[in-house]
Amino acid sequence: MRRMPGEAFAAFALALVVRVALRVLTSFDGLYGQDAYAYFDYAAQLRAALAAGLPPPPFHYPLGYPLLTALAMAVVGVRPLAAQLVSLLAGAAVAPLTVLLIREVRPQAGRAASIVAGALAALAPQLVLASLTSMSDTTAVALVTLSAWALARSLRLRETRWLALAGLALGAAVATRWAMAVLALPWAATSLVGWRRDGMTTRRMLAAGSMAVVLGAGALAFEMLPSLLDGRSTSVGEFSVVTWSPANALRSTLHNADGTLVYPVPVGVYALEPLVHPAFVFPLLAPLLLAGLLAVRRDRAAAVMLLGWPVAVITLLAGLPWENPRFPLAYLPPLAVLVGL
């Protein structure tokens, strides 16, 4: 394996310093809103259950982030710092992973491309804020970016071991936020385009794809443990309150489990805002997104990944009956890569 580029280390250091500095200056403990408290309280319950040899108790959300928080509690104690530490480190890790991704999708890209992409991922205000909050968003984004890097590397080197990592990481991302499952579609399309480019036989394609699916499902094993033991589901609420409809993309007044919500813009417009919003991509940089796609147009696998990733997430978000600035973080890394390119 090649030596990790210095830009990746620099991006991680920058991201970490910014987050730690804000944590010190604000003394914010990460507990904001009912979801953050729910994650923290459940992580403490999960730690106690595992210590007693019991299966995970029911929870509204997937268990990936609470499990990592429970492990952190074994180090720092049952304190809000445990949950915040997971979010902070994961948020900082998105920056170097973005640098590694840009080096895989376009190895001939210069250092400037890596520096720009890494800095954008390190300093994007919405990702910084999410890194200080005790919720699952940054963990899921980091895992998805790791999966994308491993997939791009497997196609460049034609080595299935990296495909295995891509499957595991995507499965872990899904076990952290269910919405990440939508990225299985662009990942599959990217793999197919890359394999056909390399002349892989149908039999080998099926074998490689099956391996990735099995490993991804294996990453969900902890989530499925209660179902295997006694037939009950661990996640008890999220699917029952989430409804998706393409008509929501045109609506700004929505009816959902929280009641009737009135937003300034339709959901579909809101899902597109990160393309030009300074909390994600500064408006003056937005034209570079198209230029980035043009830069990889001859590498169809890279183009499919970098275009399919945001399209899949935007399509999902545009049909949900909520608007939340945390949700579009799922497609910040490809935007940073395209701007860098």
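**Close-up views of a predicted model**

**View 1. Arg 153 and the ring of Trp 162.** The charged end of Arg 153 lies over the Trp 162 ring, at 4.8 Å from the ring centre. A charge counts as sitting over a ring if NZ of Lys or CZ of Arg is within 6 Å of the ring centre and within 35 degrees of the ring normal. The model is predicted, so local features need pLDDT of at least 70 and side-chain atom pairs count only at pLDDT 80 or more, while totals for chains, interfaces and linings use all residues. Residues are numbered from 1 along each chain as its sequence is written, and side-chain values use heavy atoms, with hydrogens and water left out.

**View 2. Aromatic pairs around Tyr 39 and Tyr 65.** Seven aromatic pairs are found in a search of the whole structure. Rings of Phe, Tyr and Trp (its six-membered ring) pair if their centres lie within 6.5 Å; planes under 30 degrees apart count as stacked, over 60 as edge-to-face and the rest as tilted. Tyr 39 and Tyr 65 make an edge-to-face pair, with 5.1 Å between centres and 90° between planes. This pair links distant parts of the chain, 26 residues apart: Tyr 39 belongs to helix H2 (residues 33-51) and Tyr 65 to helix H3 (residues 64-76). Helices (H or I, at least four residues) and strands (E, at least two) are DSSP runs, numbered from the N terminus. Tyr 39 and Tyr 65 are both buried; buried means under 20% relative accessible area, exposed over 50%, and partly exposed in between (1.4 Å probe, protein chains only).

**View 3. Phe 59, Tyr 61 and the ring cluster.** The ring centres of Phe 59 and Tyr 61 are 5.9 Å apart and the planes stand at 75°, so this pair is edge-to-face. Phe 59 and Tyr 61 are buried. Ring pairs connect Tyr 39, Tyr 42, Phe 59, Tyr 61 and Tyr 65 in a cluster.

View 4. E1 (residues 253-256) and E2 (residues 259-262) run antiparallel and are joined by four bridges; two strands pair if DSSP finds at least two bridges between them. Asn 256 is opposite Gly 259 of E2. On E1, Leu 254 and Asn 256 make up the covered face, and Thr 253 and His 255 the uncovered one.

View 5. Ser 27, not a glycine, has a positive phi of about 60°. Ser 27 is in the loop between helix H1 (6-26) and H2, and is exposed at 54% relative accessible area. Arg 158 also has a positive phi, near 60°. Arg 158 is in the loop between helix H7 (137-157) and helix H8 (160-174), and is exposed at 60% relative accessible area.
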